[in-house]
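Biologist: I am new to this one. Show it to me, and let me ask what each label rests on.

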Amino acid sequence: MLMKTIGYMLLVLLFTSCHVVRVQTDYEKETDFSNYATYNYFSDIETGLSELDEKRLIKVLDAAMRTEGILLSEEPDFLINIESGIFQSPRSNTVGLGVGGAGRNVGGGVSVGIPIGQANVKREIIFDFVDSQKDLLFWQATTKSSLNENATPVEREKKLKDIVEKVLSKYPPKSRK
C-alpha cells in the first residue's frame, strides 16, 4: 500500500513539474514604472524562436500588454528585446540496483544508477525592457520551462500564453519596503 501511494505521488510530481514555468526578474531599483505606458520591439530582434513561434509569442505578448493598459506605439517609452535558447537539464530520475553481502568481518556492495525517461529539454526566454530615450535596461524577466518539440500549434500558443502571463504578473515589480 505504501509503495502504491509513493508511486502515485511520484507520478503526480512528474506531470506537474513538466508544466511549470519559472520566472526570475531583475530591475533597476530607481525606475519609475509609471513613466512607461507605450512599447515597441527592437527593429533587429532575433528571438531564437522559430518564425511561427515568434509570431505566436508577439501576438500573445501584444494582447497581454493591451490588457495591462500598455500600448504598442511607433514612438514608444520602452523597447522590448526577446532572446531564447534551448538546453537539456540533467536527468533526475534514476533506478538504483544494488547487490551487497556481509559476513564475519567481510562486506561488500555494488550499486548502479540507471537513468529512466527522456532527457528534460527546457527553453529559456529572456524579456528585456529597455528605456527608448536613455537606451538603458530597466527590467528583465528570465523564464525557464519544459519544451515539447512535438506540440501542436494550439499547445505551443497556450504554452507561450502561460509564459507571458507569468512574466507580466511580475511587472511592474511590487515595491518592497
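Biologist: What separates Lys-55 and Glu-51 in helix α2?

Modeller: About one helical turn, because they sit four residues apart in that helix. An α-helix has 3.6 residues a turn, so residues three or four places apart point the same way.

Biologist: What makes Lys-55 and Glu-51 a salt bridge?

Modeller: The rule asks for a side-chain nitrogen of Lys or Arg within 4 Å of a carboxyl oxygen of Asp or Glu. Here the closest N and O atoms are 3.8 Å apart, so the pair passes. By this rule the count comes to seven salt bridges.

Biologist: What do the numbers and cut-offs apply to?

Modeller: This is a predicted model, so local features need pLDDT of at least 70 and side-chain atom pairs pLDDT 80 or more, while totals for chains, interfaces and linings use all residues. Residues are numbered from 1 along each chain as its sequence is written, and side-chain values use heavy atoms, leaving out hydrogens and water.

Biologist: Why is Lys-55 called exposed?

Modeller: Exposed means over 50% relative accessible area, buried under 20%, and partly exposed in between (1.4 Å probe, protein chains only). Lys-55 has 52%, so it counts as exposed. Glu-51, at 59%, is therefore exposed too.

Biologist: Which parts of the chain does the salt bridge of Asp-53 and Arg-123 link?

Modeller: First the bridge: their side chains meet at 3.7 Å, N to O. Asp-53 is in helix α2 and Arg-123 in strand β7, 70 residues apart. Both residues are buried.

Biologist: What about Lys-144 and Glu-124?

Modeller: Another salt bridge, also with 3.7 Å from N to O. Lys-144 lies in strand β8 and Glu-124 in strand β7, so the pair ties together parts 20 residues apart in sequence. Lys-144 has 34% relative accessibility, so it is partly exposed. Glu-124 has 24%, so it is partly exposed as well.

Biologist: Why is the pair of Tyr-39 and Tyr-41 called edge-to-face?

Modeller: Rings of Phe, Tyr and Trp (its six-membered ring) pair if their centres lie within 6.5 Å; planes under 30 degrees apart are stacked, over 60 edge-to-face, the rest tilted. These two centres are 5.7 Å apart with planes at 90°, so edge-to-face it is. Tyr-39, at 1% relative accessible area, is buried. Tyr-41, at 12%, also counts as buried.

Biologist: What makes a nonpolar core?

Modeller: It is a set of buried Ala, Val, Leu, Ile, Met, Phe, Trp, Tyr and Cys residues joined through side-chain atoms within 4.5 Å. The largest one here has 30 residues. Phe-78, Phe-127, Phe-129 and Tyr-171 have the most contacts inside it. Helix α2 gives the largest share, six residues.

Biologist: Why is Ser-145 called buried?

Modeller: Its relative accessibility is 2%, so it counts as buried. Ser-145 lies in strand β8 (residues 136-146). Contact means heavy atoms within 4.5 Å. Beyond its neighbours within four places in sequence, Ser-145 has contacts that include Val-20, Arg-123 and Ile-163.

How values were computed:
Helix = DSSP H or I, 4+ residues; strand = E, 2+ residues; numbered from the N terminus.
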